[in-house]
Amino acid sequence: MNENTAVKTPARSRKRLIVPLAGLLVAAAITVGSGADFVANSVNSANAFSTGTLTQSNSKSGSAIFNASNLKPGDTLNGTVTITNSGSLPADLTLTEDAVNGFVTKSNLSLVISRAGESAPVWSGTFGDLTAAGALNLGTFAAGEARDYTFSTTLAQSATNAEQGKNATAKYTWNSTQAAADTIAQ
């Protein structure tokens with residue numbers, strides 16, 4: 001064989017290879033491009049949600065529920081406050097006390113907290129003991145619900161001269177927490 005001689009593929013063999021290959025490409029293009037799919041759709045518009053509010057109002061916010069001086073043995077001092085769940089969500093309400101009872105015999109000054117319309121008091125004990133007891137659960141308030149609470153402090157009739165000039169102070173805090181979360185099915 002000489003150097004100028006190259007192996008030549010006959011034109012006929014090339015045509016035999018190209019024609020089937022071209023046929024396969026055309027068939028693939030037709031299959032992919034035909035798009036013979038069924039299509040359907042639907043729309044749910046205006047889906048929305050909004051959060052509720054958790055607020056409360058206190059008829060004596062920033063003020064004392066009761067305040068008196070010159071008490072004598074046997075005197076009772078009453079003060080009333082209205083607590084309202086002014087939000088749109090139900091709320092679990094608690095009451096905490098931060099008190100100092102400066103009496104020699106602490107039990108000479110008592111505190112009773114009552115809810116209007118209920119016979120049993122919410123709290124009854126020595127003034128200042130609610131501080132150590134911790135948060136007092138007042139139950140769940142529905143949205144817009146208002147409750148009246150009366151605080152009654154009494155200086156015992158048996159208080160002696162040792163209690164003259166003594167003082168007691170308290171700060172009451174009303175805490176609202178959202179009621180348990182719900183799963184809502186629609």
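**Cavity and pockets in the predicted model**

Good morning. The largest cavity in this structure has a volume of about 30 Å³. At a threshold of 30 Å³ or more, the structure holds one cavity.

Which residues line the largest cavity? They are Thr55, Gln56, Ile83, Thr84, Asn85, Ala91, Leu93, Phe141 and Ser176. Two elements, β2 (76–85) and β3 (91–101), each give two or more residues to this lining. The largest share, three residues, comes from β2. In terms of class, the cavity lining has five polar and four nonpolar residues, and no charged ones.

The largest pocket has a volume of about 740 Å³. Its lining comprises 35 residues, and those nearest the centre of the pocket are Phe66, Ala68, Leu71, Leu77 and Ala168. Here the elements giving two or more residues to the lining are β2, β7 (146–155) and β8 (168–178). Of these, β8 gives the most, with six residues. The lining of the largest pocket divides by class into 17 nonpolar, 13 polar and five charged residues.

Finally, the second largest pocket contains about 290 Å³ of space. Its lining is formed by Phe49, Ser50, Thr51 and Gly52, by Leu89 and Pro90, and by Gln178, Ala179, Ala180, Ala181, Asp182 and Ile184. How many of the residues lining the second largest pocket are charged? There is one, alongside seven nonpolar and four polar residues.

To close, I return to β2, which gives two or more residues to the lining of the largest cavity and likewise to that of the largest pocket. Thank you.

How values were computed:
Residues numbered from 1 in each chain as written. Predicted model: local features only at pLDDT ≥ 70, side-chain atom pairs only at ≥ 80, totals over all residues. Heavy atoms only, no water. 1 Å grid on protein atoms, 1.4 Å probe; cavity = no way out; pocket = protein on both sides within 12 Å on 5 of 7 lines; lining within 4 Å. Points joined across faces, edges and corners; volume = space filled by probe spheres on them. Helix = DSSP H or I, 4+ residues; strand = E, 2+ residues; numbered from the N terminus. Nonpolar A, V, L, I, M, F, W, Y, C, P; charged D, E, K, R; others polar.
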